[in-house]
Amino acid sequence: MVVPTLSIKDLTVSFGKPGRELLAVNGVTYDVQPGETLGVVGESGSGKSVTLLAALGLLPSPPARISRGSVEFQGRDLARMDAKKVRQIRGKDVGFIFQEPLTSLNPVMTIGDQIAEAIVVHDQNIGWQKARARAVELMSLVGMPDPERLAKQYPHEFSGGMRQRIVIAIAIANNPKLLIADEPTTALDVTVQAQILDVIREAQEKTGAATILVSHDLGVIAQMASKIVVMYAGRVMEAGDAEDVLENPLHPYTAALIECAPTMESELKDIHPIPGQSPSLMEMPSGCPFHPRCRYRQDVCASRVPAYRAIGSDRHVACHFVEETAEGGRLVVPAAIDA
Ligand SMILES: Nc1ncnc2c1ncn2[C@@H]1O[C@H](COP(=O)(O)OP(=O)(O)OP(=O)(O)O)[C@@H](O)[C@H]1O
Ligand SMILES: [Mg+2]
């Protein structure tokens, strides 16, 4: 059996003082296997980032607290590991690519030295000269022209797309086992976005790393991910094979997300925004958190939280009205409320 690179089980994260806690992540379960790309989607505030930050011990505690659940990295329980070991894993075995590249870079250090430093920190025997040479190789790998010359420059001398390439070079410098890209292209324009996605794909192929790609852009996920996790209000609503889920969504929330995503072919009349807003942590609805916005809601949806359960061999869904069929599953409800 293959051991998942990262396995998150029933993870629950709260903010605030005991007794007055707000649940930002509520019983999230998912995992990613070596070499696989998992896409995590969901509206802003659904807990996509907090799940990963908490899993890797990157949230300050207090105010954040993991109140339930477990996280394993290559089969090792991160919660039971001492802080130093977790830091080591995070620095060497996990590469992070965040939305705003400038905040991940040191403004007063040359690009070449920053990449070299990432290597030297985790390999004391390599020496600066070799690390610098490797930095230039990495810059060329992420598609930077004339890397020898650019290595001597500073972050402010680069465009957003170029900076993101540098962040990717640093993220893969130590051949990570896991790459986490949290909205890596959101701050970039569309053409640069496509280039950066290519670089991430190549970086993953070169390192064989398991990759978690967080995005609220379903198009990006469809292009990049083999598996998908759909989050809403701190919970996973649906997960499965990316193509299957996008072609045949079972959860009404997934279907609604797909309906409101613009594509190249869609006209304005074809885009249907989801009515209402995602809930704030302070006013979490009872039952299924999506029920106030769901066009298929029934009485039970307001009173009981649907179990997150397997539907068929490869899908998980949290909806009272999805049932398993020979073809996989389907939504069984009397009628849409606004139909
Ligand atoms: N330090 C914090 N203190 C209190 N609440 C927080 C803190 N960080 C995040 N939250 C809350 O946790 C919830 C989940 O946030 P998270 O950043 O994971 O959302 P997200 O899905 O990544 O959204 P986005 O697409 O905007 O990045 C939100 O309601 C957010 O306001
Ligand atoms: Mg986020």
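Predicted model: local features only at pLDDT ≥ 70, side-chain atom pairs only at ≥ 80, totals over all residues.

I started with strand 4 (residues 64-73) and strand 5: two bridges join them, and they run antiparallel. I looked up one pairing there, and Phe73 has Arg76 in strand 5 as its bridge partner.

I get an open sheet of four strands in the order 2-1-4-5, with antiparallel pairing. Strand 2 (22-32) and strand 5 (76-77) are at the edges with a single partner strand each, so each has one side without a neighbour in the sheet.

Then I went to helix 1. It lies across strand 1 (6-15), strand 2 and strand 4, and runs at about 110° to strand 1. Is helix 1 (residues 48-55) mostly covered or mostly open? Mostly covered: six of its eight residues are buried. Just after the helix, I found Gly57 with a positive phi of about 70°.

Last, the second largest pocket. I get a volume of about 530 Å³ for it. Its lining has 25 residues, and Gly91, Phe96, Ala118, Ile170 and Ala171 lie nearest the centre. By type, I have 14 nonpolar, seven polar and four charged residues in that lining. Which element gives the most to the lining? Helix 4 does, with five residues. Helix 2 (83-92), strand 6 (94-97), helix 4 (111-122) and helix 7 (160-171) each supply at least two.

Notes. Residues numbered from 1 in each chain as written. Chains lettered and ligands numbered in written order. Heavy atoms only, no water. 1 Å grid on protein atoms, 1.4 Å probe; cavity = no way out; pocket = protein on both sides within 12 Å on 5 of 7 lines; lining within 4 Å. Points joined across faces, edges and corners; volume = space filled by probe spheres on them. Nonpolar A, V, L, I, M, F, W, Y, C, P; charged D, E, K, R; others polar. Buried < 20%, exposed > 50% of the residue type's maximum accessible area, 1.4 Å probe, protein only. Pairing = 2+ DSSP bridges. Contact = heavy atoms within 4.5 Å. Axes fitted to C-alpha atoms, helices over the stretch in contact; angles between N-to-C directions.
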